[in-house]
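Reader: I have a fold on screen and want to learn how to read it. Please take me through it.

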Amino acid sequence: MATHRLLLLPGDGIGPDIMAEAVKVLDWINANGTDRFETEEDLVGGAAYDAHGQSISDATMKIALDADAVLFGAVGGPKWDGVGYDVRPEAGLLRLRKDLQLFANLRPAICYPALADSSSLKRDVVEGLDILIIRELTGGVYFGEPKEIIDIGNGQKRGIDTQVYDTFEIERIARVAFELARTRGNKVTSSEKRNVMKSGVLWNEVVTALGARDYSDVALDHMLADACGMQLVRWPKQFDVILCDNLFGDMLSDVAAMLTGSLGMLPSASLGAPDATSGKRKALYEPVHGSAPDIAGTGAANPIAMIASLAMCLRYSFNMVDLADRLDAAIAAALDKGLRTADIMSDGLTQVGTTEMGSAIVAELDAASRA
Ligand code: NAD
């Protein structure tokens, strides 16, 4: 039986509430599955600051580097609003992304049929939607130098950010998009602004060349980022995998996310490069939402984004595709039965809390596995 080591970092606010539900799923897998998960839990964010004066300790970072994958809840809250910039809760997440070199951010936008009416778009536009947005996470305009505000005289200042991409950065993220497209609808839409940006011209050239050289079996098209935003709300089902840089990916993934309803439903994965000998990637899985301090500890948090993040972990870190599919189906089945946490509640359905939703999903997984 294969054994995998997971580091659990629940964090702050609702982080511990929703992580407890992911742990229920892991307990079920350990009791019923083909693989075994060994977990270690540690502090991150405000909780780590309170304990160590740092938003993630060096000791925790070492465990993260040694683990097969990291499951992350959420960090932050008003309690830590006044702490220093370098030790603020979010710095812990940024250090994890940087030290694990997580350059590929995967954000699925899946519309569960039971929730199609929660979208701001019409049911027929979003029902059955299944898009994967691949965003480059460690380069581009958020990190390029120079990055500064300078005084240019006459009471004027100049703000400068630099959009910069090298060939290898574009190639490695494009490779992730092509590889994942092969496991899904076999289509990549690469999005940039080559009409006005040199980095967009290079992006387009590198993706086109890589596609022709190594992935000629995958359909590739190119769409300007502004047009892509428009098409995402006009007819999103035309997309399978959307590939974009850090800046456009930040915006397009949020647009795509909102097609599907609530923040409490959205998982994500961040992957590093495959190790040269083992082929394993460093990886961190987390819900898209924050620590929701307004509902922390009330038992109202929706655990689905966290549990769906665990499903991504099974799929992308451990190639346990069948179990990941069954876990996603268990989430859909609990929703089909009319169970809703407060954030996705509508008339005539059954409102449940965090633990009831987690238990219902495990019960669906269990029932489907015994059927
Ligand atoms: P948020 O995502 O925490 O909450 C926004 C709204 O959505 C709130 O009303 C909240 O109750 C609701 N919500 C979020 N997740 C939910 C869930 N699972 N179930 C039910 N309702 C849910 O964003 P915010 O309020 O802007 O930020 C709160 C804190 O979280 C801040 O300190 C912020 O810096 C931090 N934050 C952390 C992360 C992260 O850890 N990755 C991401 C975003 C924000």
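Author: We go from the whole chain to the sheet, then to a single residue.

Author: This is a predicted model, where local features need pLDDT of at least 70, side-chain atom pairs count only at pLDDT 80 or more, and totals for chains, interfaces and linings use all residues. Residues are numbered from 1 along each chain as its sequence is written, and side-chain values use heavy atoms, with hydrogens and water left out.

Reader: How many helices and strands does the protein chain have?

Author: Helices (H or I, at least four residues) and strands (E, at least two) are DSSP runs, numbered from the N terminus. The protein chain has twelve helices and 14 strands.

Reader: What radius of gyration does the protein chain have?

Author: The radius is taken over C-alpha atoms, and the globule rule is 2.2 Å times the number of residues to the power 0.38. For 371 residues, a compact globule would have a value near 21 Å; the protein chain has 21 Å, so the two agree. Its C-alpha atoms fill a box of roughly 60 × 50 × 50 Å along the principal axes.

Reader: What is the strand order in the sheet?

Author: Strands of a sheet pair through backbone hydrogen bonds, either parallel or antiparallel. Two strands count as paired if DSSP finds at least two bridges between them. Here ten strands form an open sheet with mixed pairing, in the order β2-β1-β3-β12-β11-β4-β5-β10-β8-β9. Strands β2 (36-41) and β9 (219-224) stand at the edges with a single partner strand each, so one side of each has no neighbour in the sheet. From one strand to the next, the twist averages 25°.

Reader: How many bridges join β1 to β3?

Author: Five bridges join β1 (residues 3-11) to β3 (residues 69-74), and the two run parallel. Leu7 stands opposite Val70 in β3.

Reader: Which strands does helix α1 lie across?

Author: Axes are lines fitted to C-alpha atoms, for helices over the stretch in contact (heavy atoms within 4.5 Å). Angles run from 0 to 180 degrees between N-to-C directions. Helix α1 (residues 15-32) lies across β1, β2, β3 and β12 (281-287), at about 165° to β1. Helix α8 (residues 225-234) also packs on the sheet, touching β5, β8, β9 and β10, and makes about 100° with β9.

Reader: Is Lys193 buried or exposed?

Author: Buried means under 20% relative accessible area, exposed over 50%, partly exposed in between (1.4 Å probe, protein chains only). Lys193 has 15% relative accessibility, so Lys193 counts as buried. Lys193 lies in the loop between β8 and α7. Beyond its neighbours within four places in sequence, Lys193 contacts Gly200, Leu224, Ala225, Asp226 and Phe248.
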